[in-house]
Amino acid sequence: MRAAGKPLKRPRPAGRRREPDLGWREFVTPEGVDLRLKIGAYAERCAAFILDVLIVLGLLIALTLLVVLLQWGASSLDLKFRFSGEVVTVIWLLGSFLLRNFYFIGFELRPAGATPGKRALGLRVAARDGGRLTADAVFARNAMRELEVFLPASFLFASGYGVDAGLVVLGAVWSGIFVLFPLFNRDRLRLGDLAAGTMVVRAPRRVLRPDLARDGAVLLDGAVFTEAQLDVYGVKELHVLENVLRQVDRRTLAEVATRIRAKIAWVGPSMSDGAFLRAYYAALRTHLESRLLFGRRRVDKFDRA
Amino acid sequence: MAELQLKSHRFRSEREADWRRLETLLVRVEKRGARGLKRDELLEMPVLYRQALSSLSMARSISLDQGLTDYLESLCTRAYFFVYGTRSRPLERLAGFFIEEWPRAVRGLWRETLAAGLMTVLGAVGAFVLVRRDPDWFYAFMPEALAGGRDPAASTAFLQETLHGKAGVHDSLSTLAAFLFTHNSQVALFAFALGFALCLPTAGLMIYNGCMLGAFLALFAARGLGLEASGWLLIHGVTELFAVTLAGAAGFSIGWSVTFPGELTRVDAVAVAGRRASVVMGGVIVMLFVAGLLEGFARQLVQPLPARLGIAALSAVVWGVYFYAPRRGRRA
């Protein structure tokens with residue numbers, strides 16, 4: 001099943017072998033800048049959905065308890081008020097229908113564009129064509145959810161009202177197909193996404209972390225790397241090094257430092273692993289960036305000019 | 001001085017304050033909506049957004065600090081979704097759906113609606129004639145569970161009793177409970193959903209649904225209870241049958257676009273039809289809800305036949321006018 005509408009192109013450098021699809025999609029704003037969004041993974045979306053359902057269930061249970069307590073209070077005051085299960089039934093039928101729909105539609109229409117469950121997993125809804133996410137689209141994708149999951153699920157609880165097992169099974173199969181549907185297209189579109197022209201993307205909040213090159217630059221006074229020592233690696237390795245430095249794990253630092261020292265045949269003042277790597281990072285970045293300014297981007301260590 | 005050579009670092013320190021400013025505004029917006037901003041802050045937003053975008057382009061071409069580009073990507077994405085986000089307020093939007101959009105979508109499907117309606121009528125008439133001629137046909141059309149003892153073997157008194165809710169099988173609210181799971185909402189769902197299979201299952205369901213209706217009426221008509229049964233059935237049945245017919249129509253429109261996609265590719269044609277059909281279905285769910293309320297409450301509270309028929313007629317007129325009456329202003 002292919003995604004409907006204009007298929008989004010995935011950036012693929014020419015002349016290189018096809019890389020596995022990691023879910024990055026070109027997403028060009030009206031200003032012409034590609035935001036490079038990542039499609040929300042299936043597991044994340046399932047988790048977000050389960051979280052949302054649990055929240056709604058929690059609200060319903062709280063409401064039920066409240067009503068039961070009120071009734072209990074009223075009956076203990078002897079107001080000729082007898083407990084009835086009917087109110088509870090109404091809460092669970094009408095209440096759950098209204099609550100879940102207002103919950104999903106209401107939250108997705110807010111500026112954050114995501115239910116609490118989606119937010120917790122760093123997901124949000126976006127229009128597939130890069131335009132404005134319209135309220136119609138939000139409405140359509142959630143109306144379809146009603147058909148995909150909730151109505152068939154209600155068959156399961158319908159026993160005793162003249163629904164035979166066959167229908168229950170049919171409902172389960174039906175839901176099963178649609179729950180698995182996102183796995184069979186590239187953009188992980190649910191049927192509702194397909195109908196509404198939306199997709200769910202990752203939009204995690206990131207904090208601006210300190211520039212590693214700055215404290216590395218201070219250390220550079222103690223260490224000088226030759227041109228040849230800096231020509232060993234490319235941008236890809238620089239980014240790996242950045243990751244290593246950002247998640248400070250002593251053992252990894254030591255391993256990487258040993259590897260690099262051996263590779264560049266390092267003979268300098270003895271420095272701690274962390275300090276050495278920071279200094280090398282600063283030097284390598286300065287080196288690669290200055291070449292970048294002259295229009296030469298060295299992709300990785302195999303990329304020889 | 002290594003620090004001075006690093007252009008990307010200078011680039012960052014020059015613009016960092018603006019990014020931080022945008023970020024604080026975004027945090028407030030994401031928490032409280034556009035109301036969280038003052039007027040001049042609101043005007044500041046698009047400017048900051050475009051600055052951040054240009055910073056992102058710049059950073060991609062001169063900086064190799066991945067932490068920085070990742071941050072800018074996430075910042076720009078968040079700002080983008082605010083600047084180009086949804087605008088209308090949910091309640092306004094909901095009103096728009098009921099006033100404008102749903103009736104328009106329903107009117108757009110008038111051919112399919114007519115076809116689905118005709119099939120139901122065809123089934124009903126056929127089954128009615130068959131059951132009148134030979135009551136055993138009844139068992140062929142009606143599953144036993146759904147009939148609940150109302151079959152040709154039952155006594156006339158019992159049948160009459162079922163029409164006036166005294167049988168005491170369900171109290172009013174558990175009937176309400178049943179509505180979500182009644183046969184008709186399932187038929188509606190499957191009629192819509194199975195439409196993509198070249199309309200055939202939908203057509204089958206429409207005819208079968210008509211058959212059950214016809215068989216049911218024929219059973220009561222045989223005991224001289226035809227009119228009363230109609231009143232019992234139609235008080236909510238007008239709404240419910242209309243909803244099922246619309247669901248069938250939505251299914252047909254999808255099936256039709258699969259079969260005859262026209263100038264679009266098949267997938268695109270289905271997406272276009274699906275969008276319209278899902279609007280119709282959103283409304284159908286509401287209609288089934290209304291039908292459930294009528295079934296649960298009105299049928300228990302309103303016992304006299306003329307009143308029941310009156311409500312049925314009224315609901316037919318209301319739905320008919322609501323969907324098909326010509327609108328002033330914008331044309332569909």
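Predicted model: local features only at pLDDT ≥ 70, side-chain atom pairs only at ≥ 80, totals over all residues.
Two packed helices are described by the angle between their axes and the distance between the axes. On the side of helix 13 of chain B, the contact is made by B:Leu227, B:Glu228, B:Gly231, B:Trp232, B:Leu234, B:Ile235, B:Val238, B:Thr239 and B:Phe242. Helix 15 of chain B contributes B:Leu305, B:Arg308, B:Leu309, B:Ile311, B:Ala312, B:Ser315, B:Ala316 and B:Trp319. By class, the residues of this contact are 12 nonpolar, three polar and two charged.

The next pair is helix 6 (residues 110-133) of chain B and helix 12 (residues 200-222) of chain B. Their axes lie 6 Å apart. The packing angle is about 40°. Helix 6 of chain B and helix 12 of chain B are therefore oblique to each other. The crossing of helix 6 of chain B with helix 12 of chain B is right-handed. The contact between them has 20 nonpolar residues, six polar residues and one charged residue.

Attention now turns to the cores. In soluble globular proteins, nonpolar side chains tend to be buried together. The largest nonpolar core in this model has 125 residues. Within this core, B:Ala52 and B:Ala215 touch the most other members. Helix 13 of chain B gives the most to this core, with 16 residues. Another core, of 20 residues, lies apart from the largest one. Among its residues are A:Leu212, A:Ala257, A:Phe276 and B:Leu6.

B:Ala215 can be followed in detail. B:Ala215 is placed in helix 12 of chain B. It has 27 C-beta neighbours inside 10 Å, and therefore counts as buried; the cut-off is 20 or more. Residues up to four places away in sequence are left out of the next list. Beyond them, B:Ala215 touches B:Ala127, B:Val131, B:Trp137, B:Phe138, B:Phe141 and B:Met142. B:Ile62 stands 153 residues from B:Ala215 along the chain. The C-alpha atoms of B:Ala215 and B:Ile62 are separated by 77 Å.

How values were computed:
Residues numbered from 1 in each chain as written. Chains lettered and ligands numbered in written order. Contact = placed C-beta atoms within 7 Å. Helix = DSSP H or I, 4+ residues; strand = E, 2+ residues; numbered from the N terminus. Nonpolar A, V, L, I, M, F, W, Y, C, P; charged D, E, K, R; others polar. Axes fitted to C-alpha atoms, helices over the stretch in contact; angles between N-to-C directions. Parallel < 35°, antiparallel > 145°, perpendicular 65-115°, else oblique. Left-handed = near helix turned anticlockwise from the far one by under 90°. Core = buried A, V, L, I, M, F, W, Y, C linked by C-beta atoms within 7 Å. Buried ≥ 20, exposed ≤ 12 C-beta atoms within 10 Å, placed from the backbone.
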